Amino acid sequence: MLKKILRDCRTNAMSLSAIAVLVFLTLFVFSGLLSAAHGMSYEFEQWSMQTNLADAWVSVRSAGATLTDEVNNAKHVSHADGSLIVTASMKRSGANKLLTVNLKDSNEVSRPLVNDGEQFDTKKKNSIWIDKNFADANHISTGDTVTINVNKSPIALTVRGLIASPEYIGYTSPMNDMVANHDRYGYAYTNRASLPVTLDRINSIAVKAEPGCDTGCIARSVRDTLGNAAVSVQGRDAKTEISKFQAKTASMYRMSYMFSTLMIVLVTLTTITTISRLVNSQRSSLGLMRALGISRSALIFGYQIYAIIATLPSALLGLFLGPALLGRLFLDKQRFLFNLPHWQVRIDNASWLMMLGIIIVSSIASIIPAFRITRLTPAMILDTNTMRGVGTMRSTPRNPRRDSQQHWQWHWIMRDKSRSMVKEGISVVAIIGATVLVMASFGVRLSLTATNDMTYGDVFRYGRQIQLANGYTDTDYDTIMSGLPDNAQSLEQLPITVTTAHHEQSSVMSIATPGIFLTARDDKRESMPITTQTDGAYISEGLSKALGVTSGDTISVDSASMSEPVIMTVIDIVRVSSPQGIYLSSAYWKNLGETFHPTSIMVNGRVPSSVDNHPAVQRVDSLAWDKAQANKVLDTFQSILTLLMVFAVLLEWFILYSIGTLNYTERYREYATMRVLGFHIKEIRSIMLKDSFVTWILGTTLGIPLGIGFLNAYVSVADSKDAQFFAYLPTPYIALSALFVLCNMLIIELVIAKRIANIDLSSALKSVE
């Protein structure tokens, strides 16, 4: 029996290769993405444990260091470290650089990892420890002296070490740009002995919780202790620099599981069709073996061995090649986004479980056709007229009116499909799967690009954006505005904490003066008056879902720059990608009793040199530059999207070829009969093509809406608390996807139709006595 199985595997290598390729691609993509995500997560967790990374960060209004002692004495708090976080500037190579400086009072929680130099010391004077990426980009070494400006006071400090901190794994800039620019922005750690101008104030407390206490537990304890002094309590999943990283790894996990789920369905269908074709081609030997007394279970087990032989080697190959090739490729694309010290892939246990699951599913799928044939008697197995869905060409009852309206070929096709509904269903599902994959290949790329185009071109329409430096005065602002056109629009963006009756989330609030450079729309693409409305605020769609907020609700908004929280009314929900948050007019903000202090100014044309060189201007960005930065983030998906397109084509070919070959195997007696009756080969080929066309119509009708649903779910894996992406696939691309599947299907049918000329008519029509 084993010799027969091995011989049959060699004989039917091409048929079994369809299963092998599908299994390989499934494990290759799944294990590749998962190994990259698991490797990133594992390295971050190891780094977090090594540095005793905080479990939560409490943002407080600038207050005395005694607040730290209060938090240390709070319930469920293991340890708390207070710090003052300020923005400092530095002149290097004639250009302004910005550093986010963390003045730590203690080094128990969230210790920086020193890559070169001395360990961080909270007592050593005239000392600073600088982000290694920033230092390398600016040619700063341990022992160098740098001068930083804090509150317009220059201070010379000695670089004691080059560091990396998991607190800043996703750090880009003090303005939270989309992509890091290590040449211009970095972070640093120092102490109060080195910066005495800060006195005894703190604005942040890093908290390490007791075992078993989650973020919600810590937040309740801290708020009970500090009351209104606590602006926000953020866990790792809410702290911007860390949540970016966690959102990326989570999207990779979701992407791998979604893709593999669809692939398992296609592997199951391909296994059923391939084994069905083997069963039909081996009817004579099966009948003889049953007549010789070989049990049904032995024969069924033999076909399970076929499935295992086809899946096990290819699954192992995909399991190990995926991390080595795809996993490493994906990690390389993430390096410029995150400040992770070590990058390596790690095979996740889920990959082994997926491999085992696919082998089991394929093995079970192989039982279906084997069980169906072996339940017959030996004589019935040997009689090819008992093949499911295949028999003599019984005539269709004549209906003159119908015959005058439809060609006889269509009667034959519809009769044949009605005789084998299960097989036709499998063919339709295969077309659906191919359509969904091709639509996803086009749609994901178009959706991500269209979302960026909407953000930078529809929501934001400025030509230049002037970023203002911290600490500028009203006189500075008035001077800058006097040098700009009258249509200049001011914008203030604040990090905030939004609270409802049941939820709390950190976000961004955008406050704008009336103007033409900031526009938001609702889900019907209608423009919303966000910069002129004086009765309430607008909330982005993603944030509204996270908070469970709708039009007419009230929310509480708080920020470290505010004296106390304010209550706002939600006017409507706006459909924007980034930033997710609250949008309101400067007039409404002032009506709430708050001070409007712009962080940037948007203009259309070039910025005058007098403004560009003003000390209160940090930098001037263009819309094109901002869009290019956003597209860099999307480029990290491009390698995956390209592979998805290639895999979609390969999968489509193997699936449709397997289905087409099965159809030919089950109908070759009828094709032989037609040739004996005098039908031309081109007439038989015409029937095959029309048969495929009907299947394509059914599969496409169901595949298009399912493809749109899959695209919506697949695009959403890129969502985070800071950005939301929207599915976009224009009608021409939907039509192109359907035609792409049809063309491949017809080409495959034409390839298979060439076999008709080689049918041995005498053996094909031979009956068993």
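## Basis and overall make-up

Because the model is predicted, local features are given only at pLDDT of at least 70 and side-chain atom pairs count only at pLDDT 80 or more, whereas totals for chains, interfaces and linings use all residues. Residues are numbered from 1 along each chain as its sequence is written, and side-chain values use heavy atoms, with hydrogens and water left out.

The protein chain holds 21 helices and 21 strands, where helices (H or I, at least four residues) and strands (E, at least two) are DSSP runs numbered from the N terminus. The C-alpha trace of the protein chain spans about 105 × 55 × 50 Å along its principal axes. Of the 769 residues in the protein chain, 55% are buried; buried means under 20% relative accessible area, exposed means over 50%, and partly exposed covers the range in between, with a 1.4 Å probe and protein chains only. When contacts in the protein chain between residues at least 6 apart in sequence are considered, 81% join residues at least 24 apart, a contact being heavy atoms within 4.5 Å.

## Helix H6 and its two partners

Helix H6 (residues 240–281) packs with helix H8 (residues 296–334) and also with helix H19 (residues 681–715). The table gives the geometry of each pair, with axes that are lines fitted to C-alpha atoms, for helices over the stretch in contact, and angles that run from 0 to 180 degrees between N-to-C directions.

| Helix pair | Angle | Axis separation |
|---|---|---|
| H6 and H8 | about 155° | 13 Å |
| H6 and H19 | about 155° | 10 Å |

At this angle H6 is roughly antiparallel to H19, and H6 and H8 are likewise roughly antiparallel to each other; under the scheme used, angles under 35 degrees count as roughly parallel, over 145 as roughly antiparallel, 65 to 115 as roughly perpendicular and the rest as oblique. The handedness is right-handed for the crossing of H6 and H8 and left-handed for the crossing of H6 and H19, where left-handed means that the near helix is turned anticlockwise from the far one by less than a right angle, and right-handed that it is turned clockwise.

On the H8 side, the contact is made by Lys 248, Met 252, Thr 271, Ile 275, Leu 278 and Val 279 of H6 together with Tyr 303, Tyr 306, Ala 307, Phe 330 and Gln 334 of H8. The residues of this contact of H6 with H8 divide into 8 nonpolar, 2 polar and 1 charged, given that Ala, Val, Leu, Ile, Met, Phe, Trp, Tyr, Cys and Pro count as nonpolar, Asp, Glu, Lys and Arg as charged, and the others, Gly among them, as polar. On the H19 side, Met 255, Met 258, Phe 259 and Leu 262 in H6 meet Phe 710, Ala 713 and Tyr 714 in H19, and the residues of that contact divide into 7 nonpolar, no polar and no charged.

## Buried polar residues

Gln 465 is found in strand S11 (residues 464–468) and is buried, with a relative accessible area of 7%. The side chain of Gln 465 makes a polar contact with the side chain of Tyr 462 at 3.4 Å; such a contact is a pair of N or O atoms within 3.5 Å in which, within protein, one must be able to donate a hydrogen and the other to accept it, and residues adjacent in sequence count only if both atoms are side-chain atoms. With residues up to four places away in sequence not counted, Gln 465 touches several residues, including Leu 491, Met 602, Arg 619 and Asp 626.

Ser 110, in the loop between strand S3 (95–104) and strand S4 (113–117), is also buried, at a relative accessible area of 2%. A polar atom of the Ser 110 side chain lies 3.0 Å from the backbone nitrogen of Ala 54, and among the residues that Ser 110 touches beyond four places in sequence are Trp 57, Glu 167, Tyr 189 and Ala 206.

## A partly exposed helix residue and backbone features

Phe 371 lies in helix H9 (residues 349–374) and counts as partly exposed at 39% relative accessibility. Leaving aside neighbours within four places in sequence, Phe 371 is in contact with Arg 296 and Ile 300; the C-alpha atoms of Phe 371 and Ile 300 are separated by 6.5 Å, although these residues are 71 residues apart along the chain.

A cis peptide bond, with omega about 0°, joins Ser 578 and Pro 579, and Pro 579 lies in the loop between strand S18 (566–574) and strand S19 (581–585). His 76, in the loop between helix H3 (66–72) and strand S2 (77–92), has a positive phi near 70° while being a residue other than glycine, and is partly exposed with a relative accessible area of 31%. Asn 126, found in the loop between S4 and strand S5 (127–131), has a positive phi of about 50° although it is not a glycine, and counts as partly exposed at 43% relative accessibility.
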